[in-house]
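This report goes through one structure, from a single residue to the whole chain and then to the spaces inside. Please look at the sequence and the model first.

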There are 2 protein chains.
Amino acid sequence: MAQRGSYAKGVAKRTEILDTALDVVARNGFRGTSVKELADSVGLSQAGLLHYFDSKDELFTAILRRRDEVDLALADPQADIVEQLITVIRHNADVPGLVQLFASMSTAATSDPSHAAHAYFVERYASLRTQAADAITIRQRRGEVPAGVDPTRLATVLLAVSDGMQIQWMLDPATDMAEHVELVWRLALAAVATPA
Amino acid sequence: MAQRGSYAKGVAKRTEILDTALDVVARNGFRGTSVKELADSVGLSQAGLLHYFDSKDELFTAILRRRDEVDLALADPQADIVEQLITVIRHNADVPGLVQLFASMSTAATSDPSHAAHAYFVERYASLRTQAADAITIRQRRGEVPAGVDPTRLATVLLAVSDGMQIQWMLDPATDMAEHVELVWRLALAAVATPA
DNA sequence: GTCTATAATTTGATAGAC
DNA sequence: GTCTATCAAATTATAGAC
């Protein structure tokens, strides 16, 4: 078996912890959730849980990374990255706690380069922005997106609406986040003049 | 003098405190700033400062409200609300700490109805959304915005981009927030088909 | 109105036994 | 690897003097 040795065991356990944490946070939310709360739900003591992660922030950053992995696995690999993004946003309405976690961590980490999650967000936005810009460029060549639109800017804007809609959705869960992201996307596809 | 009596004095002092706090937060940022830090900068003890506000969260909510007042006073009353919004976003690049404060408070307060700032955000989004939707409706009648676009949805989306761009700007201050909000606005003005 | 002093917790992190 | 126990702070909020 490939999972032999203490290293693999540690990794497997870590993943198991993260998947449980993902469920717990998704439901119970993230109200400055303490390490102990999470420890209880995964059946470990606080110290036991922190054995796997260097700090609280590292733990929650790992949760965010794991969530991206899970989301990616669920997405249709055939689909345009923009379509995938919209699908993920649509799913977000089912996991309020994760939306809360993402929003909280992003505000805390983006403005503080020394925050444990800073690198995660840098990588995430760079990666998504590039992927989306590439997809937009392809559509542009097909004439589906006006030539005057800068792909990177449009990509940036699509990510921004996604993030911003989370705030308004938390305020009123009846709000349809995905629909609003789609509106921007359709406006771009429908634009005929050539905004910079 | 109109400012006589303990009530008026209290109000004046409160405003004075808030204006100082606004400066301090704008520069120093909001890294979970403690009440004591703010108290020091306004020349009061921690308890002295809390004499004017019921709690820490009430204090920071008051700072946000005061900031909106100041921003509103600076805006051109002749301008379209959407243009005003873009102007405010442009100014935001000069007050990083306030962007941080707004982002932090919005994530904390929107998801928690019992948070001291919850009502503030409810009112703020409702008000801005309505005003923007009205302005969009007017443009629609003039034929500047496609008839098929729902004014409230477009308004919602413009607010979302504004919020979302703050995250990406905190990550990279070279990002031009206003320019990206304008992109969405121009896409809407340039759209020719009729997205819902 | 403002201060000093302190209560009241909470909670992240670590040391060390098993 | 996991736990118990404890440390070490950091703050908010309040009581009560002046």
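## One residue and its surroundings

Leu18(B) has a relative accessible area of 6% and is therefore buried (under 20% relative accessible area; exposed is over 50% and partly exposed lies in between, with a 1.4 Å probe and protein chains only). The model is predicted: local features need pLDDT of at least 70, side-chain atom pairs count only at pLDDT 80 or more, and totals for chains, interfaces and linings use all residues. Residues are numbered from 1 along each chain as its sequence is written, chains are lettered from A and ligands numbered from 1 in the order in which they are written, and side-chain values use heavy atoms, without hydrogens and water.

Leu18(B) is part of helix H1 of chain B, residues 5-28. Helices here are DSSP runs of H or I with at least four residues, strands are runs of E with at least two, and both are numbered from the N terminus. Leaving aside residues up to four places away in sequence, Leu18(B) touches Phe53(B), Leu59(B), Ala62(B), Ile63(B) and Arg66(B), where a contact means heavy atoms within 4.5 Å. His51(B) is 33 residues from Leu18(B) along the chain, and their C-alpha atoms are 13 Å apart.

## Chain A as a whole

Chain A has nine helices and zero strands. Its C-alpha trace spans about 60 × 40 × 30 Å along the principal axes. Of the 196 residues in chain A, 50% are buried. Among contacts in chain A with a separation of 6 or more, 62% join residues 24 or more positions apart.

## Spaces in the model

A cavity is a set of points on a 1 Å grid over the protein atoms alone where a 1.4 Å probe fits but cannot get out; a pocket is an open set with protein on both sides within 12 Å along at least five of seven lines; lining residues have an atom within 4 Å of a point. Grid points are joined across faces, edges and corners, and a volume is the space filled by probe spheres set on the points.

| Space | Volume |
|---|---|
| Largest pocket | about 690 Å³ |
| Largest cavity | about 140 Å³ |

The largest cavity is lined by 16 residues, and Asp163(A), Ile167(A), Thr107(B), Asp163(B) and Ile167(B) are closest to its centre. Elements giving two or more residues to this lining are H6 and helix H8 (151-171) of chain A, together with H6 and helix H8 (151-171) of chain B.

The largest pocket has 28 lining residues, with Ser104(A), Thr107(A), Ala108(A), Ser104(B) and Ala108(B) nearest its centre. Helices H4 (56-74) and H6 (96-110) of chain A and helices H4 (56-74) and H6 (96-110) of chain B each supply at least two residues of the pocket lining.
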